[in-house]
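This report is for a reader who is meeting the structure for the first time. Please look at the sequence and the model below before reading on.

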Amino acid sequence: MNTYIAIVEAKYDKQDVVHALHSLGEIVELFDNAFLIKTRYGATEIRDELYDSLEGEPGIYVCKLARGSAWRNLGVPSSVIKGIY
């Protein structure tokens with residue numbers, strides 16, 4: 001399993017984004033429409049699921065994460081972020 005960051009443009013309802021991502025794996029919300037997702041799927045599959053699940057043509061960014069990441073002032077405790085790695 002790998003961990004990715006998935007970001008969807010802010011005009012999309014968070015619950016719709018959560019629903020699409022939750023079907024792929026374990027998720028943690030970093031802030032509005034930015035999520036970590038632990039999954040067996042790849043970045044392209046995550047992107048395609050989001051694109052197919054949301055109305056219109058959403059702007060989407062998905063990137064595989066590696067150790068060595070850093071963060072500060074997020075809406076989730078560091079222990080939760082570390083747990084999804």
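A search of the whole structure, which is a predicted model, finds two salt bridges. One of them joins the side chains of Glu-29 and Lys-14, with 3.4 Å from N to O. This pair links distant parts of the chain, since Glu-29 belongs to strand 2 and Lys-14 to helix 1, 15 residues apart. The other salt bridge is formed by the side chains of Arg-47 and Asp-48, at 2.8 Å from N to O.

How exposed are the residues of these salt bridges? The table gives the relative accessible area of each residue.

| Residue | Relative accessible area | Class |
|---|---|---|
| Glu-29 | 28% | partly exposed |
| Lys-14 | 30% | partly exposed |
| Arg-47 | 38% | partly exposed |
| Asp-48 | 32% | partly exposed |

**Strand 2 and strand 3**

Glu-29 also has a place in a strand pair, where it stands opposite Phe-35 in strand 3. Strand 2 and strand 3 run antiparallel and are joined by six bridges. They form a hairpin with two residues between the strands. Asn-33 is located in the loop that connects strand 2 and strand 3.

In general, most residues other than glycine have a negative phi. Asn-33 is also buried, because its relative accessible area of 2% falls under the 20% limit for that class.

**Helix 1**

Lys-14 lies in helix 1, which covers residues 14–22. At the start of helix 1, a side-chain oxygen of Asp-13 comes within 3.0 Å of the backbone nitrogen of Gln-15.

Which residues of helix 1 are buried? They include Val-17, Val-18, Ala-20 and Leu-21. These residues are on the same side of helix 1 because they cover an arc of only 165° around the axis. An α-helix has 3.6 residues a turn, so residues three or four places apart point the same way. Gln-15, His-19 and His-22 are exposed, on the other side of helix 1. The partners against which the buried residues of helix 1 pack are strand 1, strand 2, strand 3 and helix 2.

**The nonpolar cores**

The largest nonpolar core has 16 residues. Val-17, Leu-21, Ile-37, Ile-46 and Leu-50 have the most contacts inside this core. Two or more residues come from each of strand 1 (2–8), helix 1, strand 3 and helix 2 (43–53). Helix 1 gives the most, with four residues. Apart from this core lies another, of eight residues, including Ile-5, Leu-30, Ile-81 and Ile-84.

Ile-37 is part of strand 3. Is Ile-37 buried or exposed? With a relative accessibility of 0%, Ile-37 counts as buried. Leaving out residues up to four places away in sequence, Ile-37 touches Asn-2, Thr-3, Tyr-4, Leu-21, Leu-24, Gly-25, Glu-26, Ile-27, Ile-46 and Ile-84. One of these, Thr-3, is 34 residues away along the chain from Ile-37, and the C-alpha atoms of the two are separated by 5.5 Å. Leu-21 and Ile-46, also among the residues that Ile-37 touches, are listed with Ile-37 among those with the most contacts inside the largest core.

Thr-39 is in strand 3 as well, which spans residues 34–39. Thr-39 counts as buried because its relative accessibility is 1%. What does the side chain of Thr-39 reach? It reaches the backbone nitrogen of Tyr-41 at 3.1 Å. A polar atom of the Thr-39 side chain also lies 2.7 Å from the backbone oxygen of Leu-24. Not counting residues up to four places away in sequence, Thr-39 touches Met-1, Asn-2, Tyr-4, Leu-24 and Ile-46.

Technical notes: Residues numbered from 1 in each chain as written. Predicted model: local features only at pLDDT ≥ 70, side-chain atom pairs only at ≥ 80, totals over all residues. Heavy atoms only, no water. Buried < 20%, exposed > 50% of the residue type's maximum accessible area, 1.4 Å probe, protein only. Polar contact = N/O pair within 3.5 Å; in protein donor to acceptor, adjacent residues only side chain to side chain. Contact = heavy atoms within 4.5 Å. Core = buried A, V, L, I, M, F, W, Y, C linked by side-chain atoms within 4.5 Å. Arc of directions from axis to C-beta. Pairing = 2+ DSSP bridges. Salt bridge = Lys/Arg side-chain N within 4 Å of Asp/Glu carboxyl O.
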